[in-house]
Amino acid sequence: MYNTFLQVHETVDFVFELVNNWPVDLWGKFQENSVGVVVPYTDQVHILRAALKQRHPYLRTVSVERVNNVQGLCQLPSYYIVLNAVVSLYTVIVIGSCFY
């Protein structure tokens, strides 16, 4: 299974803040699928969808898809796209320590 719960938490927090501070004057009213999250693995899709629903019911309208499902589309289905990539334990411990 390819995911890290830290990334899930950070992604859900980011999406929650984005939706709560949606710039209506720039992007119009927040609607279903206004925000999309793109991830590389199926496991991440399921975990992120569940985590978003658990955080707040209106976050269930956020589209979470695998890269393969949106690759090659001429027009993406969401206005704002969040890319969530999986990091390795090495990245979290060695590289990530540079950010803390």
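Reader: Does Ala 51 count as buried or exposed, and at what relative accessibility?

Author: This is a predicted model, and every value here is computed from it. Ala 51 has its place in helix 3. A residue counts as buried under 20% relative accessible area. Ala 51 therefore counts as buried, with a relative accessibility of 17%.

Reader: Which residues of helix 1 are buried?

Author: Helix 1 covers residues 5-20. Buried means under 20% relative accessible area. In helix 1 the buried residues are Gln 7, Val 8, Thr 11, Val 12, Val 15, Phe 16, Leu 18 and Val 19.

Reader: Within what arc do the buried residues of helix 1 fall, seen down its axis?

Author: An α-helix has 3.6 residues a turn, so residues three or four places apart point the same way. In helix 1 the buried residues line one face of the helix, because they fall within an arc of 165°.

Reader: What do the buried residues of helix 1 pack against?

Author: The partners include both helices and strands. Among the helices is helix 3, where Ala 51 is placed.

Reader: How far apart are the end C-alpha atoms of helix 1?

Author: Helix 1 has 16 residues, and at 1.5 Å a residue these should span 22 Å. The model agrees with that expectation, since the end C-alpha atoms of helix 1 are 22 Å apart.

Reader: Which residue lies over the face of Phe 16, and at what distance from the ring centre?

Author: Phe 16 is one of the buried residues of helix 1. The residue over the face of Phe 16 is Arg 55, and its distance from the ring centre is 4.0 Å.

Reader: How many aromatic pairs are there?

Author: Rings pair if their centres lie within 6.5 Å. By this rule the count of aromatic pairs is 2.

Reader: Why is the pair of Trp 22 and Trp 27 edge-to-face?

Author: A pair of aromatic rings is described by the distance of the centres and the angle of the planes. The ring centres of Trp 22 and Trp 27 are 4.8 Å apart. Planes over 60 degrees apart count as edge-to-face. The planes of Trp 22 and Trp 27 stand at 65°, so the pair is edge-to-face.

Reader: Which residues form one aromatic cluster?

Author: Trp 22 and Phe 30 also form an edge-to-face pair, with 5.2 Å from centre to centre and 80° between the planes. Trp 22 counts as buried at 9% relative accessibility, while Trp 27 counts as partly exposed at 28%. The cluster is made of Trp 22, Trp 27 and Phe 30.

Reader: What pattern does the protein chain follow along the sequence?

Author: The protein chain has 5 helices and 3 strands. Read along the sequence, their pattern is α-α-β-α-β-α-β-α.

Key
Residues are numbered from 1 along each chain as its sequence is written. This is a predicted model: local features need pLDDT of at least 70, side-chain atom pairs count only at pLDDT 80 or more; totals for chains, interfaces and linings use all residues. Side-chain values use heavy atoms; hydrogens and water are left out. Helices (H or I, at least four residues) and strands (E, at least two) are DSSP runs, numbered from the N terminus. The expected span of a helix is 1.5 Å times one less than its number of residues. Buried means under 20% relative accessible area, exposed over 50%, partly exposed in between (1.4 Å probe, protein chains only). The arc is that of the directions from the helix axis to the C-beta atoms. Contact means heavy atoms within 4.5 Å. Rings of Phe, Tyr and Trp (its six-membered ring) pair if their centres lie within 6.5 Å; planes under 30 degrees apart count as stacked, over 60 as edge-to-face and the rest as tilted. A charge sits over a ring if NZ of Lys or CZ of Arg is within 6 Å of the ring centre and within 35 degrees of the ring normal.
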